[in-house]
Amino acid sequence: GGRKLEFSFANRSDADLLGELGRALLNISRLVPAGLVVFFPSYAMERTAFEYFSGCGVLASIAKFKTIFREEQTRQTDDILTQYRG
């Protein structure tokens, strides 16, 4: 088994925890036949995870299976989900 994914404020930048999340998302992206939507509790957490996944290659690996859409603070969630569905 893997590590419990507990993203409290104190450990949200923990590399081991982010690595475990990245591996889980990569595995899920391989198994789910259609799209996959991942929500984070804050933009800061999303940014931390995105930067980590970009740096370690997880994002590139996921992109082999799924198109990646990223919501930015200046865009509305509905806009991203519409783009995702399109």
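Let me begin with Phe-53, which is buried, with a relative accessible area of 5%; buried means under 20% relative accessible area, exposed over 50%, and partly exposed in between, with a 1.4 Å probe and protein chains only. Tyr-52, by contrast, is partly exposed at 27%. This is a predicted model, in which local features need pLDDT of at least 70 and side-chain atom pairs count only at pLDDT 80 or more, while totals for chains, interfaces and linings use all residues. Residues are numbered from 1 along each chain as its sequence is written, and side-chain values use heavy atoms, with hydrogens and water left out.

How many aromatic pairs does a search of the whole structure find? The search finds 1, where rings of Phe, Tyr and Trp (its six-membered ring) pair if their centres lie within 6.5 Å; planes under 30 degrees apart count as stacked, over 60 as edge-to-face and the rest as tilted. The pair is formed by Tyr-52 and Phe-53, and is edge-to-face, with 6.2 Å centre to centre and 70° between the planes.

My second topic is Asn-11. A polar atom of the Asn-11 side chain lies 2.8 Å from the backbone oxygen of Glu-6. Leaving aside residues up to four places away in sequence, Asn-11 touches Glu-6 and Leu-17, contact meaning heavy atoms within 4.5 Å.

Finally, the lining of the largest pocket divides into 16 nonpolar, 4 polar and 4 charged residues. Here Ala, Val, Leu, Ile, Met, Phe, Trp, Tyr, Cys and Pro count as nonpolar, Asp, Glu, Lys and Arg as charged, and the others, Gly among them, as polar.

Conventions:
A polar contact is a pair of N or O atoms within 3.5 Å; within protein, one must be able to donate a hydrogen and the other to accept it, and residues adjacent in sequence count only if both atoms are side-chain atoms.
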